[in-house]
Amino acid sequence: MSEKTFSAHIPTKLLFGAGQLAKLSDSALPGRKALVVISAGTSMRKYGYLDRVVGLLGEAGVESVVFDKILPNPVKSHVMEGAALCRENGCDFVVGLGGGSTIDSAKTIAVMAVNDGDLWDYVVGGTGGRKPIRKALPIVAIPTTAGTGTEIDPWAVVTNEDTQEKVGIGCPSTFPVLSIVDPQLMLSLPPALTAYQGFDAFFHAAEGYIAGCASPMSDLYALEAVRLLYKYLPVAVKDGRNLKARTKVAWASTLAGMVEATSSCTSEHSLEHAMSAFYPELPHGAGLIAISKAYFTTFKNDRMKRYMKMFETMTEKKSARPSDFVDALVYMQQECGVDGIKLSDYGISPVDFPRFADKAFDSMGGLFDFDPRPLSTDEVVKIYADSYK
């Protein structure tokens with residue numbers, strides 16, 4: 001964590017705030033025909049978000065083609081199918097409308113629409129081919145959830161269902177050229193998903209703050225994100241129509257995305273990706289919550305001042321010890337009603353822990369390099385064991 005040398009590159013134009021979606025029609029869009037990527041669920045149509053976006057694009061003189069197969073844990077086969085549809089219809093940019101999985105899929109579809117071969121040829125990690133991504137179609141991101149921050153960073157996470165690998169991929173070309181974060185689109189999100197996604201943002205910030213590559217710039221984003229989420233996420237969970245709380249949580253999520261663009265997640269995300277690669281019904285945020293107490297306890301003596309600073313920023317109280325942060329994290333989970341998540345409810349059993357550990361190191365081992373100190377396989381297995389219910 002050097003204060004002398006660091007870099008920053010966030011080229012995305014951001015329109016943030018209630019009602020900002022209306023500006024889509026008079027924004028400088030990067031093409032004339034869009035592939036609009038949405039989930040396989042019903043919410044984008046049910047709440048009229050898809051029709052509104054297609055209509056606004058039409059007002060801007062842009063044609064639309066819709067791809068609606070994205071799963072909560074997106075898979076490579078759908079990325080490849082979406083990319084083929086994009087090419088067949090001559091789409092020249094991609095719009096991701098929905099949650100993080102949809103925008104992540106839009107990013108990878110934008111890559112594979114203009115690159116040869118298979119998505120996994122370009123993945124760095126696991127069985128990936130490690131080929132450089134030289135180009136991608138322009139991407140417009142319109143999130144309807146607050147959690148991933150993918151609207152302001154270059155990263156996308158996709159699962160290879162054949163190899164059970166869930167891996168991050170990204171390059172400068174996968175930064176969205178335009179992101180519209182309108183909290184009014186988040187008012188319909190149910191409480192559990194609000195909490196899961198809000199904690200995903202919290203961990204992006206907290207991991208980025210303790211990461212070895214943290215910088216003065218990422219620290220600014222991270223501390224404000226954890227402050228806002230500690231104060232407002234429980235409010236948004238309990239009263240989803242509270243626009244002020246939704247706006248604060250949405251801004252915190254975007255800030256946490258900026259942390260990912262200027263620092264990095266640590267191995268907590270590697271550990272969770274290994275679980276949901278094998279058990280895709282496990283929501284990413286729920287998996288992170290389940291392992292978070294054991295994970296952050298593991299490093300409490302390795303980043304003592306930073307743990308104490310996070311606690312003080314969150315609570316506006318003086319910290320006496322690094323474990324205060326872990327206590328505040330548990331309290332926040334209790335306030336959001338997610339402290340009782342059981343991994344066993346998703347089919348996970350202790351026999352899985354060694355293969356989770358192996359998959360975490362193999363598929364996303366790069367994030368372990370940013371940990372406060374090296375973790376052993378035994379320590380990773382212990383984190384899973386200590387988290388198990």
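Q: Does Asn73 count as buried or exposed?
A: This is a predicted model, in which local features need pLDDT of at least 70 and side-chain atom pairs count only at pLDDT 80 or more, while totals for chains, interfaces and linings use all residues. Residues are numbered from 1 along each chain as its sequence is written, and side-chain values use heavy atoms, with hydrogens and water left out. Asn73 is found in the loop between strand S3 (63-70) and helix H3 (76-88); helices (H or I, at least four residues) and strands (E, at least two) are DSSP runs numbered from the N terminus. Buried means under 20% relative accessible area, exposed over 50% and partly exposed in between (1.4 Å probe, protein chains only), so Asn73, at 7%, counts as buried.

Q: Which side chain makes a polar contact with the side chain of Asn73?
A: A polar contact is a pair of N or O atoms within 3.5 Å; within protein, one must be able to donate a hydrogen and the other to accept it, and residues adjacent in sequence count only if both atoms are side-chain atoms. The side chain of Asn73 reaches the backbone oxygen of Pro280 at 2.7 Å. Its polar contact with another side chain, at 2.7 Å, is with that of Lys166.

Q: What is the bridge partner of Ala141 in S8?
A: Strand S5 (residues 139-143) and S8 pair in the parallel sense over 2 bridges. Within S8, Val140 has Leu178 as its bridge partner, whereas the partner of Ala141 is Ser179.

Q: How many bridges join S1 to S8?
A: S1 and S8 run parallel. Lys13 has Leu178 as its bridge partner in S8. The number of bridges joining S1 to S8 is 4.

Q: Why does Ser179 count as buried?
A: Ser179 lies in strand S8 (residues 178-181), where Ser179 and Val181 point one way and Leu178 and Ile180 the other. Leaving aside neighbours within four places in sequence, its contacts (heavy atoms within 4.5 Å) are Thr12, Lys13, Leu14, Leu15, Ala141 and Glu151. Ser179 counts as buried because its relative accessibility is 0%.

Q: Which residue has the backbone oxygen that the side chain of Ser179 reaches?
A: The C-alpha atoms of Ser179 and Leu14, 165 residues apart along the chain, are separated by 5.0 Å. The backbone oxygen reached by the side chain of Ser179, at 2.4 Å, belongs to Glu151.

Q: At roughly what angle do the axes of helix H6 and helix H7 cross?
A: The axes of H6 (residues 216-238) and H7 (residues 243-262) come within 8 Å. The contact includes Tyr221 and Leu228 of H6, and Trp251 and Leu255 of H7. The axes cross at roughly 150 degrees.

Terms used. Two strands pair if DSSP finds at least two bridges between them. Axes are lines fitted to C-alpha atoms, for helices over the stretch in contact, and angles run from 0 to 180 degrees between N-to-C directions.
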